[in-house]
Number of protein chains: 2
Amino acid sequence: MDYASATPIDLSVLQKMNKILKENYANASSLHDLGRESKKILDQSRKDVADILGARADEIIFTSGATESNNLAILGMLENMSRTVLDTKMSKTVFDMKIPHIVTTNIEHPSVLEVYKYLEKTGKAQVTYVGVEKNGIVDPQKIKKAIRGNTVLVSVMYANNEIGTIQPIKEIAKEIRHFKKTRDLVKFSRVLGLGPDQLKNFLSLSFPFFHTDATQAINYLPINVEKLGVDLMSFNAGKIYGPKGVGALYVKRNTPVDALQLGGGQEFGIRSGTENLAGIVGLTEALKLTEKIKEKEIKRLSQLHRYFIEKLSNSIEGLKVNGDIENRLPNNINITIPKIPSDLLVIELSVKGIFVSEKSACQSGDRAGSHVLNAINNPKLCKRNKENSSIRFSLGRQTKKEDIDCVITTLTQILKKLKKWYN
Amino acid sequence: MDYASATPIDLSVLQKMNKILKENYANASSLHDLGRESKKILDQSRKDVADILGARADEIIFTSGATESNNLAILGMLENMSRTVLDTKMSKTVFDMKIPHIVTTNIEHPSVLEVYKYLEKTGKAQVTYVGVEKNGIVDPQKIKKAIRGNTVLVSVMYANNEIGTIQPIKEIAKEIRHFKKTRDLVKFSRVLGLGPDQLKNFLSLSFPFFHTDATQAINYLPINVEKLGVDLMSFNAGKIYGPKGVGALYVKRNTPVDALQLGGGQEFGIRSGTENLAGIVGLTEALKLTEKIKEKEIKRLSQLHRYFIEKLSNSIEGLKVNGDIENRLPNNINITIPKIPSDLLVIELSVKGIFVSEKSACQSGDRAGSHVLNAINNPKLCKRNKENSSIRFSLGRQTKKEDIDCVITTLTQILKKLKKWYN
């Protein structure tokens, strides 16, 4: 019940990785036949991934995971901007005065939010966090209103990792396109303190660019980048029944992203380091497979999802489902059970062999409250209040109806016991 | 003959990785039993790696490879310094005036050198590149002389990837310690433009820190960090018969390194991202194994090495061995054959099933000359001259005497043919 934290590797994917690990260990940068064979497999993987996303091969950058992809998208763009300023010999002072601005939401993953905290703290960017509605979904109009003349990036996650709500990526892309078309370029050049010619050099006509963290979305949502209208899209293999430690970033042509990790110049110079060929093949095979069974899995899990929620509502008094009930991933059930501490529930369930998550697994280490739950609840009610703790059940390929029945039975028993103490 | 570019994975290492991939896929940050099991394996791996290096578990940071480790060591330290300046409310202007200084050599790996180029270009650091001697080894006295009051980092690779020369890491560490002990703190505080109290806050008493890229050294050289006297040491699994896409950075306690990749706060907050547990176990097992057979392999390869050089010298007229003949890795033979273009030789050998490298594999993509060969040769003679091209044979666990005989025979035949055209 914790597939959103990690997925077991698909055995056919593992088999293909093992073949690479055993036979194609040569460095893809080597000139000799073994190296060229590795390079060929690398190129084919890149093409396969691009095909699935409706992208071009040179728009796919392989990374070490979604965290790196998110960091590269955001910090890489700011790195490019600051270098562009240096290259065009424009005064750094002018640029620093007009600090770049980023628009995002208040329910992004830590690998996005922590980057913003860093940028704000160091004065490298201004960030507007658009609050999501009570249903955990952001209003595209509010994103649009937050865009300013110096907004270089809009970044909105495709589906939330904690509550599974799906963000209106297409609609946001439409608003951004509309902003670009209709903005007052003369006024804009004044805002940035640049002349019209400098403006042109300064990528002005194309920003804000649009990034989405699609890590949780890949298994269940359409991922054609052209149709979505995104310039940057992050994801990894570890959440789609592939290996951990490998991810990708889609970077649309002419989207300014500079390398953060420097060296041998691999991945078109945007991400140096000997390629993790087995991992890349694992990512590619996992992506192919998830795409192949996507429609069937959505149908199957949607049914299980409805069944699960119905059963839960019938058996638990005062149960609250967090996040929109319709626009959510078919594998995510996030609930709040009044008065019962969620960390205790995780442990009690674990004893019975049921593995769930409370808040985001990535944050389970520290005991800070969930920024996602804070975003969708009344903060006055929620702060340090048990009402704000939540359990996330996330289903996956191996989940069957019997599993859900078992969870319901066990959960009901545990709650019966716990309610004696927490009442 | 190209083990320095990539090593085949050891099958016992692969077996252990497969066990993790199949059974321990849970996110190590999850609270439940499966997550805790992953965390336990992660902790044990960290402890095992630390034990082998003579370090403490909290000094080991797992990364995506040696390139990331090198980037993290250097950029992470500068990141920390610039944050320290902000945190202590010292004027950024004062700090910018006294730009941090780094001492290195002119034969480092691109994943170090490219970082310096970037730092110099953006004005974030000054870098002194100490030239190695004609034998490809740096003089510790020259490193010492290059250290200034504002030197924050000395970074010298342990063994060179192209010519295999071993750098005197212990001796350099000794010089750095001596510098720290005897430096004039009053004068130093004036150099930095700080009062004595500010100085203390500013890590002044401990820098310069000492980093070494040990990627090529791990298989054949002593790697006890205490005995070496280093504060930071980079390496990866892909060069020690483990998987690609995973590496480590040893960070001695109290060595200031800040995260470059932000997010969930894994790896003590220095390197965020879901842990690549199978890769980490692969790295650990590979390190254990290489340590176990190190002494035996050194002996075996040293003999093969002597045999190879002797045979080469006897069969090729005008042959030059690049780099010191004694202080080099026992698996590295780097030679220059007069007048024969090395890229052509790589291809001719490859046709015959012999895979070698010319220059560093990481740079084979672009055709720029080797900075290492330029460093040890007379630049006037070498520029765009075939005398400067080189072939690297690198031996490994599967190399036998028969292989060397086969290489010699084949190489002699190819040279006979090529000499008709290049004379």
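Predicted model: local features only at pLDDT ≥ 70, side-chain atom pairs only at ≥ 80, totals over all residues.
I superposed the copies and found that chain A can be laid on chain B with an RMSD of 0.0 Å, by a turn of 180° and a shift of 0.0 Å along the axis. The two copies are thus related as by a two-fold rotation axis.

Residues are numbered from 1 along each chain as its sequence is written, and chains are lettered from A and ligands numbered from 1 in the order in which they are written.

I looked up which residue of chain A comes closest to the rotation axis: Ser64(A), at 3.1 Å (C-alpha). I then checked the interface: 100% of the interface residues of chain A are also interface residues in chain B, so the copies meet through the same surface.

I turned to chain A itself and recorded that buried residues (20 or more other C-beta atoms within 10 Å of their own, with C-beta atoms placed from the backbone) make up 52% of its 423 residues.

I recorded the division of chain A into domain 1 (11-292) and domain 2 (294-418), with bounds from an automatic or database domain assignment. In chain A, 22 residues of domain 1 are in contact with 23 residues of domain 2, contact being C-beta atoms, placed from the backbone, within 7 Å.

Note on methods: Buried ≥ 20, exposed ≤ 12 C-beta atoms within 10 Å, placed from the backbone. Least-squares fit on C-alpha atoms with pLDDT ≥ 70 in both. Contact = placed C-beta atoms within 7 Å.
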